[in-house]
Amino acid sequence: MQTRLPNCPTSGMLSATALYECRPKAVKKMADTRVLFLEGGGEMGALMRSHDWSATPLGSPDTWPQSLRVTIRLMLNSQHPMFIWWGPELIQFYNDAYRQTMGPAMHPKALGARGRETWEDIWPIIGPQIELVMSGGGATWNVEQLVPINRDGEPENVWWTYGYSPIDLDGEIGGVLVVCNDVTEQHQRTEAYKNETLRIARQFEEAPGFIAMLSGPDHIFQSANAAYRRLVGLRDVVGKSVREAVPEAVDQGFVELLDKVYTTGQPFVGRRTLIRLQPDHDSPPEDHYLDFIYQAVHEPNGTISGIFVEGQDVTEHVLAEQRLELVNRELQHRVKNTLATVQAIATQTLRSVADDEVMKTLTQRIVALSRAHDALIQHNWTSADIVRIVESAIDNFGMRERFTVTGPSLELGPNATLSLAMILHELFTNAIKYGALSAETGWITLCWEIEGKSAGDELVLQWLEEGGPEVVRPEGGGGFGSKLVNMGLDGTGEVLQSYDPSGLRVEMRAPVAALLRS
């Protein structure tokens, strides 16, 4: 039977060539362009078209099976990194997006090469996965898998999220399609975040102060560090409310404070706050003194989600201060007794002296010394403020309205404190007897300041008398009081005395550093 095709001669039998020429144009075009699946694809499409595939087990592209052609076409036109292993030799194809993950050590020699030879260094990782797919075991999927890549001559740790999928061929598996993504940067960021989170968690857990995070209006413990757990007797507090975990805190007002902070958003700061905690049911309550803060946790939308608790157990400090205060009170009592004993001895020793003024002067000096000790006791014998020393000296004579006093606060050491107290006593006594305070119209200006010097700060103290009788320089350089004043503050610095007829002028200078050390 003769076959007649449209547009073909009707006479005689047609040869194969003539038959081809008589095929419809569309069919003829498909036959002429059997490698269209390699068109496009950027750099890798061009490399595939120019590659000598006849030198590979695959042979000419026009002989490749349809499933391989379709997969390559899909791969070349995808912006996602994709790779193909085909056939028993695992001949390789990849697109431009995958090309970006390769270095000069891999590209372009990997194109058309055998898989095992190309990836020999990582074959223990990927080989079993490829064999699983090729044997019909199904697709594989890996998330953030470490697969080192030799991009520039040296192995480089690279993390991938990738899947191996089968490419069918006549009911069997002809190859493997790889869809992948280099997630190294993401992995490194995640690891850095994890490490930072762990570091913060360790710092939180090991912090010397107690820390806890509470959430919601019921103040549920979200976390509590080791110091907090030790404070409350190693209780299991996480997931419980404060009322449930630390019930003794309710009656002591701490939950009420938490409620107020949660409602108002205003922090609460406690100093040396007493709380009585019972470590367990069989133990008696224990007193703890706490420095702490309740700080509201504000969300981005302005709402309050919880309370941050942080503080220090200062029980040992408070108890030590209480013990020291007891010791100081006892010491003060003993000093006063000692001074009283000295006074009694002096009275008995000087009972035959006819001049009562001598006994009065000695008694007043002992009292001045006692007041100076009182000022030191307030600061545990380490220092005393110059303002307190001056005020104590003035109060001793009860003439505050006749003084003008100005000067900044300054802590003086023990020796300087005693020295200044005794000097002021002598100046007051002299003013009452002979100077400005001996007249009803007289007054005294007592002022001091800190002057900055190249060698260090210097205290400058001035005693100025006005409105009293005319001043006369004492004969013979004066008595004990004048000598004490001339010695200066703690025997250091310099003293200038001016016996101006209108009133006594005294200026004392001393290095601040020396006054603090003494």
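At what angle do helix 3 and helix 4 pack, and how far apart are their axes? Helix 3 (residues 42-50) and helix 4 (residues 66-76) pack at about 145°, with their axes 9 Å apart. The axes are lines fitted to C-alpha atoms over the stretch in contact, and angles run from 0 to 180 degrees between N-to-C directions. Two packed helices are described by this angle and by the distance between the axes.

This is a predicted model, in which local features need pLDDT of at least 70, side-chain atom pairs count only at pLDDT 80 or more, and totals for chains, interfaces and linings use all residues. Residues are numbered from 1 along each chain as its sequence is written, and side-chain values use heavy atoms, with hydrogens and water left out.

Return to the two helices. Met44, Gly45 and Met48 in helix 3 meet Ile72, Met75 and Leu76 in helix 4. A contact means heavy atoms within 4.5 Å. These residues divide into 5 nonpolar, 1 polar and no charged. Ala, Val, Leu, Ile, Met, Phe, Trp, Tyr, Cys and Pro count as nonpolar, Asp, Glu, Lys and Arg as charged, and the others, Gly among them, as polar.

Now step back. The protein has 18 helices and 19 strands. Both are DSSP runs numbered from the N terminus: helices are H or I with at least four residues, strands are E with at least two. Of the 518 residues, 40% count as buried. Buried means under 20% relative accessible area, exposed over 50%, and partly exposed in between (1.4 Å probe, protein chains only). Among contacts between residues at least 6 apart in sequence, 53% join residues at least 24 apart.

Next come the charged side chains. The count is 16 salt bridges. A salt bridge is a side-chain nitrogen of Lys or Arg within 4 Å of a carboxyl oxygen of Asp or Glu. In one of them, Arg114 meets Glu89 at 2.9 Å, N to O. Arg114 sits in the loop between helix 5 (96-99) and helix 6 (115-118), and Glu89 in the loop between strand 1 (82-86) and strand 2 (91-94), 25 residues apart. Arg114 counts as partly exposed because its relative accessibility is 33%. Glu89, at 36%, is partly exposed too.

Which residues does Arg509 join in a network? Arg509 and Glu451 form a salt bridge at 3.1 Å, N to O. Arg509 lies in strand 19 (residues 503-511) and Glu451 in strand 16 (residues 443-451), so the pair ties together parts 58 residues apart in sequence. Arg509 also bridges to Glu507, at 3.0 Å, N to O. Both Arg509 and Glu507 are buried. Salt bridges that share partners join Glu451, Glu458, Glu507 and Arg509 into one network.

Last, the aromatic rings. The whole structure holds 21 aromatic pairs. Rings of Phe, Tyr and Trp (its six-membered ring) pair if their centres lie within 6.5 Å; planes under 30 degrees apart count as stacked, over 60 as edge-to-face and the rest as tilted. Phe292 and Tyr294 have ring centres 4.9 Å apart and planes at 55°, so this pair is tilted. Both residues, Phe292 and Tyr294, are buried. Phe403 and Trp463 are edge-to-face, 6.3 Å centre to centre with 70° between the planes. Phe403 lies in strand 14 (residues 403-406) and Trp463 in strand 17 (residues 458-466), so this pair ties together parts 60 residues apart in sequence. Trp463 counts as buried because its relative accessibility is 0%.
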